[in-house]
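Have the structure open while you read.

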Amino acid sequence: TIVGDDFEVEITDVIKAPHKQHLQFGNIKGVAKIGDIVKASIDVARREDIAKNHSATHLLQEALREGLSSDIEQAGSKVNVNGLRFDFTYQGEISDQEMVLVEQLVNEKIATKVDTVIEMMSLEEAKKKNAICLFEDKYEGEVRVVTLYDAIELCGGTHVKNLGDIKAFAIKSFESKGSNVYRIEATTDKYIESELYTIIEPYNGEMLKLLAKAKKIVTQAHGEGISLDFNVHIDNSAPAAYADIVYNRLEVANVREKVKELEKAYISAKEQKALQDLSSFDDEIFEASIGKCLVSKTSDYEVSFLKQLANRLLEKMGKGIVFIANVTNGNVNYIAKAHKDIEDKIDCGALVKEASDKSSGNGGGSKLFGQGGGTDISKLDEVLEDIKSKLK
């Protein structure tokens, strides 16, 4: 802010004009006059946060050169109050483990708690110190060399007085931008937990959905007399490092796989239970001139199991026909199987084709076996009643 007797300006940006003047932009209240005595001040806390992230950017570049390759070059960077972004060139793939190592190297440098050294010297002297020089054509006369432990670089920006002031450093994400350019986003000190949480929040959201799905499966199975267990350990501790982001990503993948296994276990147990006890279908069996008939609606069975079920039911019933409509995820599968003794009185393929056509699908088969399905289940009850009428 710049404050005079009759005005106040909140500075929002500063640029260098063509003749190297510092040109300041801001919102002014009141009237400023040439010759006014003013007080210029900065938001110290904000500036300190920017300094932490800026100094951490220098350390990050040095850590990348140590941990990955000395040929790494900066391809762009941005520093703000709550974090930093660093683009660099590198030929090859980068693993999560390497990012964890780079993060660790930066924190080891911070832990040295050495003072920042800022020197003015010629460009040639800076090169002799092995200072990293970017955009050499911009430097004229003396240059400002900033030494942060073993990170030596030409820089005109704000930095911490001591590396210990940074407190801690954490990588949020890294990604390939193509053409051998990678981008790292990171943060420091008090922003670590909140910034890393924005990265793991989608994982937490998916985790809640997976756990809700698992609970639904276990509850549904219990209601059908099937006992299932689902036990997973979830780490709810606050994220503090890139390793925590990797852990959360793997944790979700692990739970996702366990839910798949639970679902398979439920389907398998449900199928075995259905095959072992067919009494639940007894009320749906009716007599017709062709023999015993069963028209039933089931849910969430695989087609391969439906064939087994139809075989077992037909074995139990003897001479007759089984017609099953199974609904899964809004779609329907039809299976029809008849005893060989009524082949001249029935056409399973025709029954399935008719039902499938009414369900916006297709199907067919032989007189003794038919298979099909469709994507429209809105008229399923009507379709099944029609099948019963035909069999009667």
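**Strands and sheets**

1. Strand S1 (residues 2-3) pairs with strand S2 (residues 7-16) in the antiparallel sense, over two bridges. Strands here are DSSP runs (E, at least two residues), numbered from the N terminus, and two of them pair if DSSP finds at least two bridges between them. Ile2 has Val9 in S2 as its bridge partner, and three residues sit between S1 and S2 in this hairpin.

2. A word on the source: this is a predicted model, where local features need pLDDT of at least 70, side-chain atom pairs count only at pLDDT 80 or more, and totals for chains, interfaces and linings use all residues. Residues are numbered from 1 along each chain as its sequence is written, and side-chain values use heavy atoms, leaving out hydrogens and water.

3. What does S2 do next? S2 pairs with strand S3 (residues 22-30), again in the antiparallel sense, over nine bridges. Look for Asp13, which stands opposite Phe25 in S3. This hairpin has five residues between its strands, and Lys20 in the turn has a positive phi of about 70 degrees.

4. Further along is an open sheet of six strands with mixed pairing, in the order S12-S13-S14-S15-S17-S16. Its edge strands, S12 (285-288) and S16 (362-365), each pair on one side only.

5. Within that sheet, S14 (residues 320-328) and S15 (residues 331-338) run antiparallel and are joined by eight bridges.

Key
Helices (H or I, at least four residues) and strands (E, at least two) are DSSP runs, numbered from the N terminus.
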